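Please look over the structure shown here, with attention to the open spaces at its surface and the residues that line them.

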Amino acid sequence: MRALAAYAATPDASRGRRHAEAPSSGRSEFQRDRDRVIHSNAFRRLEYKTQVFVNHEGDLFRTRLTHSIEVAQLARSVARSLDLDEDLAEAIALAHDLGHTPFGHAGQDALNACMRDYGGFEHNLQSLRVVDVLEERYGAFDGLNLTFETREGILKHCPVPVAATLGDVGRRFVDGTQPTLEAQITNLADEIAYNNHDVDDGLRSGLIAIDQLAEVPLFKRHHDIARGLFPHASERRRINETIRRMINTLVSDLIGTTRVALARLGLQSLDDVRAAGPVVAHSAEISAESLVLKRFLRDHLYQHYLVQRMSTKGRRIVGDLFAAFMGDPRLLPPQYQAKADIDRARAVADYISGMTDRYAMREHRRLFAIEEI
Ligand code: MG
């Protein structure tokens, strides 16, 4: 087996699981985490949850599932180049969006607004709640009983007052220490994935045009190269060439910059990683270029009126469902009624956030359309 760097997270030195379990004979603890995530209900639901485009808008657009798989691919690839634990990076990547609501960020914002007086709703925290509490796959305990390292990676950010209530997994936000390098990589792999696939999906949908992207240097540079190399290829093929090259530039920059930082800081162990500042990073030039791309996507894609219309519908559906279930918990399926007896708002938020886009739309019709049962 390939030797890992001294500052890698190693499954044998894991801080362990909340419920003690016998080790697996053939798999490392982080491989087991990855496998548990893949077999969870929440993971399968990602297929029908919006990334930017609602699932029924087209078969080629990213969903939360394909997004998570792309993040896992990038995270593994960077982790391997830096001699870090690929399985941990993959487990975190596949789990990072498990707590996402239907209808993307619009759904999360709407649910957070509904939950304002009940502790709020945040998808990162909900991803942790899914793996710690909500999955029902084991007789002996709730959740998936993942290792500390995967759980802390899932909790990408968290306000200090909330983190203080979470025990060991929230402590780093209180004392200002860092998670594993594998977690830091996954965080940036997430950004690389969505910035690039949103350009791809944005162009494919026709909501953004190639000409507009001329104001994004990272895109323009690579598109010019693709045009020069393949003057007779179709525009679609050149877009794919461009995006492939953009991803390659971002990933290479991330690996190179991080490698230099690791050497400069002379990190010798995971404890050193935790005590240092954030180590995994892009160079200043590429960070600036990524920011231009991000702003472009915000202004031209996420705020496009057709995306806004869909977001507004999503917010309305989430708001209506929340009001209906809070007003009368007898409308909830029986297993959620029992939970609502203990904490009504949290049970309703758990139910709604677990819904896929199409399930939420169907549930909305069942509750509000008189001819629907
Ligand atoms: Mg993500």
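## The largest pocket

In this predicted model, the largest pocket has a volume of about 710 Å³, and its lining is made up of 32 residues. Those that lie nearest the centre of this pocket are Gln51, Val52, Arg64, His105 and Tyr302. Two or more lining residues come from each of helix 3 (64–81), helix 5 (104–114), helix 6 (123–134), helix 10 (181–205), helix 14 (284–302) and helix 15 (305–327).

Sorted by class, the lining of the largest pocket holds 13 polar, ten charged and nine nonpolar residues. Domain 1 (26–307) and domain 2 (308–368) each supply at least three residues to this lining.

## The second largest pocket

The second largest pocket has a volume of about 500 Å³ and is lined by 24 residues, with Asn41, Arg45, Leu134, Tyr336 and Gly354 lying nearest its centre. The elements that contribute two or more residues to this lining are helix 2 (41–45), helix 6, helix 16 (334–342) and helix 17 (344–354), and the largest share, four residues, is the contribution of helix 17.

In the lining of the second largest pocket, nine residues are nonpolar, eight are polar and seven are charged.

## Position relative to the domains

Key: Residues numbered from 1 in each chain as written. Predicted model: local features only at pLDDT ≥ 70, side-chain atom pairs only at ≥ 80, totals over all residues. Heavy atoms only, no water. 1 Å grid on protein atoms, 1.4 Å probe; cavity = no way out; pocket = protein on both sides within 12 Å on 5 of 7 lines; lining within 4 Å. Points joined across faces, edges and corners; volume = space filled by probe spheres on them. Nonpolar A, V, L, I, M, F, W, Y, C, P; charged D, E, K, R; others polar. Domains from an automatic or database assignment.
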